[in-house]
Amino acid sequence: MAIPEATLAIKDGALGAVPANVNGTQAILGVCSTGTVDTVYEFGDPQTMKETLGTGPLVDQAAHVLSVAGGPVICVRITGSVAGTVGSVTLAGTGLSVLTTTGSVPLDSYQAAIKIITGGTNPAAGTATFRVSLDGGLTYGPESSLPTSGVYAIPSTGLTLNFSAASLVALDVYTFSSVAPSYSVANFNTAMNALLADSREWFLANVVGVPADTTAMAALFAALDSKLTTAASQFRYTAGLMSAADDTDGNLDTAMTALSSTRVVVAAGFENVVSAVNGSQLKRSASFSIAARASAATAPADLARVHSGYCLGFTKL
């Protein structure tokens, strides 16, 4: 008598459905100008993503990942409870018109440079033209006419220029910087809870935004580690990435000595990253390039592997 034989075929419900491959799919949390806070979005198309979320650090990071590694990306808008700020204006030149930024609500961190191309006795004369740079003069936008009111809102930045009624001189350059809006640890926790309650899979929680100082960095680190530890207790094993504060190496070393996690990576240092949104070379945390490389890498490749090539999208450290 022949030995009975059976063949097992494990099917997926006859729907032809294949489970999603989460390799390279990261979740990005940060501030942006539009979209619903604490809502989980998924994008494979950068244009749809920009139309939905507007502008800001979250959008710039997601666009960078899409441009380097492709999609999809998962995005969660954090409530920007801490408003962005604008620094003082400096003039290199001889014009008497004073530039102020009254009414500005910056949507991101910019190094603005406003170059006068054609001067005038005052804005009301209607002859003055200028060009705008968001990266300290590395790149400039097209020449624009200054409204006779002397007031000009730079599109998609939240920055408003106010020139006083005095002379504008060709090749004069006005410069100022802005700091992006940010969020509290409580805001982050709410957004992260929404992400963890969502059923979509991802391998990395990328928390975008530069902590104000090492104290804020430590608080965000602890919050992120706590959320990922809770996720692991529910058999959801993921990693976290965040930026270090913009501080000296010594201060960062001292702060990091007190911190410990098996799940959270803190990226120290900054670089100029070519924005996939507006083409400016904006100062960004090293986490921008690390995140894109992580999504593009083949697991379990070491992100520091030299033969994998260099990081894409930045121009200088």
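How many bridges join strand β7 (residues 111-118) to β12, and do the two run parallel or antiparallel? Five bridges join them, and the strands run antiparallel. Before we go further, please keep in mind that this is a predicted model.

Now turn to another sheet. Six strands form an open sheet in the order β2-β3-β1-β13-β14-β15, and their pairing is mixed. At its edges lie β2 (40-43) and β15 (264-267), each of which pairs on one side only. From one strand to the next, the twist averages 25°. If you follow the sheet to its β15 end, you will find β14 and β15 running parallel, with four bridges between them. One of the residue pairs here is M242 with V266, the latter being in β15. Helix α6 (residues 287-296) packs on this sheet and touches β1 (26-30), β13 (204-207), β14 and β15. The direction of α6 makes about 155° with that of β14.

Next come two helices that meet each other. In general, two packed helices are described by the angle between their axes and the distance between the axes. For helix α3 (residues 185-197) and α4, the axes come within 10 Å and cross at roughly 20°. Angles under 35 degrees count as roughly parallel, so α3 is roughly parallel to α4. The crossing of α3 past α4 is right-handed. On the α3 side, the contact is made by V185, F188, N189, M192, N193 and L196; facing them in α4 are A219, L220, A223, L224, K227, L228 and A231. Sorted by class, this contact has 10 nonpolar, two polar and one charged residues.

One of those α4 residues, L228, leads us to a last stop, T238. You will find T238 in the loop between α4 (214-233) and β14 (239-243). Leaving aside residues up to four places away in sequence, T238 touches W202, F203, L228 and R263. Is T238 buried or exposed? Its relative accessible area is 12%, and since buried means under 20%, T238 counts as buried.

Terms used. Residues numbered from 1 in each chain as written. Predicted model: local features only at pLDDT ≥ 70, side-chain atom pairs only at ≥ 80, totals over all residues. Heavy atoms only, no water. Buried < 20%, exposed > 50% of the residue type's maximum accessible area, 1.4 Å probe, protein only. Contact = heavy atoms within 4.5 Å. Pairing = 2+ DSSP bridges. Axes fitted to C-alpha atoms, helices over the stretch in contact; angles between N-to-C directions. Parallel < 35°, antiparallel > 145°, perpendicular 65-115°, else oblique. Left-handed = near helix turned anticlockwise from the far one by under 90°. Nonpolar A, V, L, I, M, F, W, Y, C, P; charged D, E, K, R; others polar.
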